[in-house]
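Here's a quick briefing to read with the structure open beside you. We'll start at one spot, then step back to the chains and how they meet.

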Amino acid sequence: MIDPVAPFLDATVRTATPLALAALGETLVERSGTINIGLEGTIIAGAFGAVAVATAAGVPGAFAAAIAAGVLTAVLLALFIVELRSDAIVTGTAVTLLALGTTGLLYRAMFGTAGVALTIPTAGPVPIPLLSDIPVIGRAFFAQPVTTYVVYGTVPVLAWWLSHTHAGLALRAVGENPAAAATAGISPRRVRWWALCFGGALGGLSGGCLVVAQVGTFAEGMSAGRGFIAIAIVALGRWSPVGVAIASVLFGAASALQFVFQSLGWALPYQLFLALPYILTLLALASVAGRHAAPAALGRR
Amino acid sequence: MTERLRRSTAWRAAGLFAACIALLVAVAALVAALSVLTGNDPFRALDALWRGSLGSRYAILSATLVRATPLILTGLAVTLAFTAGVMNIGAEGQLLAGGAAAATVDAIAGPAVGRLSVPLALLGGALAGAGWAFLPAWLRRRFGVLEVISTIMMNFVALYMVGYLVRGPLQEPLRIYPQSPAISESARLPIIVSGTRLHLGFFIALVCGAMLWWALRSTAAGFRVRLLGANPDAARSAGLIDVGRTAMRAFLLSGALAGLAGAIEVSGVTYSLYENLSPGYGYTAIAVALVGSLDPALTVGSGVLFGALEAGASAMQRDAGVPSVLATVVEASIILLLLGVAALRAPVKRWRRAFVMRRTADVVQRAGAEVP
């Protein structure tokens with residue numbers, strides 16, 4: 001019998017990577033006191049951006065296009081919620097619908113109807129010397145595509161940036177009390193523009209990661225709810241980069257469990273395990289710490 | 001006074017008519033433009049869209065109004081919640097819970113209760129929808145948890161719950177497909193126009209719309225809901241409204257409407273429960289409510305419009321080869337268009353108000369000058 005632990009850990013990290021990328025971007029957005037409910041749309045746009053140019057521009061070009069497509073959705077969102085002061089929830093829903101629909105249409109227009117096997121260059125695993133030799137966890141954590149290492153890098157940088165730089169503190173000030181921040185000479189408008197664009201870039205990269213580092217092709221609606229999962233992860237991670245990283249692993253592990261069950265031939269209802277992280281998030285939101293972790297301006301109009 | 005009132009009603013009706021025409025023209029233009037962009041014949045696409053939605057009596061009754069039914073009910077759910085200032089984006093999950101309840105009621109009590117099965121299933125669906133909304137509503141009231149996030153969680157939990165039910169306790173007896181067995185004949189909603197697929201659910205949706213319109217407009221509870229949504233701080237400091245309780249009730253009733261939509265979908269259209277019961281009705285509902293400008297009567301109309309669009313889009317894919325996902329793009333564009341119009345109208349309104357006040361001040365001043 002094959003040892004199920006190593007494949008389980010590998011699947012956990014692989015599933016967690018795009019979730020963590022999107023969630024880290026969303027963390028910054030929500031810390032600035034707004035929310036990108038259209039994150040699902042951002043991810044699918046990134047995925048489409050990657051597949052559209054992958055053959056011509058290679059892997060780096062695909063990642064760049066993914067980021068650009070993600071930022072594009074964020075700019076659209078920012079135009080409405082920052083400039084026109086539209087409702088963030090309604091706008092985000094519209095952006096998701098728009099991106100899901102547009103990518104579906106464009107994909108059919110560019111690559112014909114679904115079913116055509118598309119071969120694009122992919123980013124394979126890059127084992128890190130020494131670290132990937134650690135028994136059990138080594139290969140799972142340190143023999144992954146480059147996007148996983150982007151997550152490893154982003155977490156500490158973002159955590160440090162939020163608590164040790166002027167810009168990071170300004171962003172948090174806008175998220176807690178935009179009026180007070182404005183009095184102190186910080187422009188909430190500009191801060192939220194930058195936050196949304198950064199969130200869009202990471203969300204787009206998350207979609208690119210799905211296409212280039214994981215699936216190797218595009219499918220309509222392939223974001224499959226990851227944008228909403230990322231929003232859940234931000235809440236479970238209590239709006240802190242480190243917490244978000246841990247929460248991503250938890251969500252990744254929950255969905256990796258189903259592969260383990262399948263490989264072991266267990267007939268357990270894996271839907272219960274899939275639902276578990278969401279229930280956990282609800283509990284975390286209701287807990288004493290969770291209640292006060294949300295940026296104060298979040299959800300205010 | 002009555003003269004002015006009558007004139008303003010006429011003006012409103014004319015404005016509404018103009019808005020409808022503008023919306024239809026915008027939809028047609030968008031469909032045509034998107035067809036051209038994706039390399040399809042726009043005239044064939046529009047022709048198929050028309051014939052599949054409003055072009056014939058059969059299309060209207062069997063496609064458009066059937067498709068509109070869950071959109072109207074979930075649209076009303078969103079209208080009620082948003083009017084109360086509750087950002088319930090969990091209509092999708094509440095709908096699934098309602099559908100699951102209807103299938104469960106039939107599986108447990110179906111043949112035994114005969115014709116009673118229909119009201120039981122609908123009641124069960126509404127209760128399940130309200131129950132699904134209860135946790136986010138309670139978390140909001142008790143702990144101040146953002147309902148935007150908690151309702152998203154509940155949507156996923158509902159999806160996985162249905163996934164479990166149709167592979168476990170509710171799976172059809174042969175255990176091949178992940179769906180529940182077809183519900184018994186007596187549990188199906190009656191067809192209200194013979195020879196079509198139009199079922200009683202559409203009538204129920206209309207009744208719900210009328211009741212919500214009346215309740216929001218003419219009852220004390222409706223007034224409390226509107227006041228709460230318009231200005232929660234004022235509602236709280238006025239002291240006459242229990243803010244927490246009012247929001248909670250609106251939230252639960254909103255969930256009940258969405259749950260009813262799910263139960264009606266199972267007992268009137270699919271006759272069975274499966275994971276893809278809803279092609280995102282709960283999310284489209286936000287567009288429906290917004291186009292209906294959060295007015296229950298208008299929401300019914302916009303539900304029919306979106307029903308026509310989605311029914312027509314299916315026909316467009318079938319007959320003209322245009323991907324039906326085009327409807328999604330049109331829906332999203334309509335939302336953004338309306339948000340843009342609303343944002344651009346706000347400064348005009350402010351300016352007009354300032355103008356009226358200046359004129360009033362003028363009049364007062366002049367009147368003051370004339371008094372010796």
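**Starting point: a proline in chain B**

Leaving out residues up to four places away in sequence, Pro296(B) touches Leu76(B), Thr79(B), Gly209(B), Leu212(B), Trp213(B) and Leu216(B). Keep in mind that this is a predicted model.

- Pro296(B) sits in helix α12 of chain B, which covers residues 296-320.
- Is Pro296(B) buried or exposed? Pro296(B) is buried, since 25 other C-beta atoms lie within 10 Å, and the cut-off for buried is 20 or more.
- Pro296(B) also pairs up across the sequence with Leu80(B): the two are 216 residues apart along the chain, yet 8.0 Å apart in space, C-alpha to C-alpha.

**Chain B as a whole**

- How does the radius of gyration of chain B sit with what a compact globule of 372 residues would have, and what is the value? The rule puts such a globule near 21 Å, and chain B comes out at 23 Å, which agrees.
- Along the principal axes, the C-alpha atoms of chain B fill a box of roughly 95 × 55 × 35 Å.
- Of the 372 residues in chain B, 51% are buried.
- Take the contacts in chain B with a separation of 6 or more: 75% of them come from residues 24 or more positions apart.

**Chain A as a whole**

- Chain A has twelve helices and two strands, and reading along the sequence gives α-α-α-β-α-β-α-α-α-α-α-α-α-α.
- With a radius of gyration of 19 Å, close to the 19 Å that the globule rule gives for 301 residues, chain A is as compact as a globular protein of that length.
- The box filled by the C-alpha atoms of chain A is roughly 65 × 45 × 40 Å, again along the principal axes.
- Buried residues account for 54% of the 301 residues in chain A.
- For contacts in chain A between residues at least 6 apart in sequence, 76% link residues at least 24 apart.

**Two helices side by side in chain A**

- Helix α1 (residues 5-31) and helix α8 (residues 188-215) of chain A pack at an angle of about 170°, and their axes are 7 Å apart.
- Angles over 145 degrees count as roughly antiparallel, and α1(A) and α8(A) are therefore roughly antiparallel to each other.
- On the α1(A) side, the contact residues include Arg14(A), Thr17(A), Pro18(A), Leu21(A) and Ala22(A); on the α8(A) side, among them are Ala195(A), Leu196(A), Phe198(A), Gly199(A) and Cys209(A).
- The residues of this contact between α1(A) and α8(A) split into 14 nonpolar, six polar and two charged.

**Two positive phi values in a row of chain A**

- Most residues other than glycine have a negative phi.
- Arg238(A) has a phi near 50°, a positive value in a residue other than glycine, and Trp239(A) has one near 60°, likewise positive.
- Where are they? Arg238(A) is in the loop between α9 and α10 (241-264) of chain A, and Trp239(A) has its place in the loop between α9 and α10 too.
- Arg238(A) counts as buried, with 20 C-beta neighbours inside 10 Å, and Trp239(A) counts as buried with 22.

**The nonpolar core**

- In soluble globular proteins, nonpolar side chains tend to be buried together.
- Here the largest nonpolar core has 226 residues, and Ile233(A), Leu73(B) and Leu257(B) have the most contacts inside it.
- Which helix gives the most to this core? That's α2 (residues 39-83) of chain A, with 24 residues.
- Setting aside neighbours within four places in sequence, Leu73(B) is in contact with Ala205(B), Cys208(B), Leu257(B), Ala258(B), Leu260(B), Ala261(B) and Ile264(B).

**Where the chains meet**

- Across the interface, 38 residues of chain A are in contact with 39 residues of chain B.
- On the side of chain A that touches chain B, α3 (88-111), α9 (226-236) and α11 (270-286) each supply at least two residues.
- α3(A) gives the most to that side, with 14 residues.
- By type, the chain A residues on that side are 25 nonpolar, nine polar and four charged.

Terms used
Residues numbered from 1 in each chain as written. Chains lettered and ligands numbered in written order. Predicted model: local features only at pLDDT ≥ 70, side-chain atom pairs only at ≥ 80, totals over all residues. Contact = placed C-beta atoms within 7 Å. Helix = DSSP H or I, 4+ residues; strand = E, 2+ residues; numbered from the N terminus. Nonpolar A, V, L, I, M, F, W, Y, C, P; charged D, E, K, R; others polar. Axes fitted to C-alpha atoms, helices over the stretch in contact; angles between N-to-C directions. Parallel < 35°, antiparallel > 145°, perpendicular 65-115°, else oblique. Core = buried A, V, L, I, M, F, W, Y, C linked by C-beta atoms within 7 Å. Buried ≥ 20, exposed ≤ 12 C-beta atoms within 10 Å, placed from the backbone. Rg over C-alpha atoms; globule rule 2.2 N^0.38 Å.
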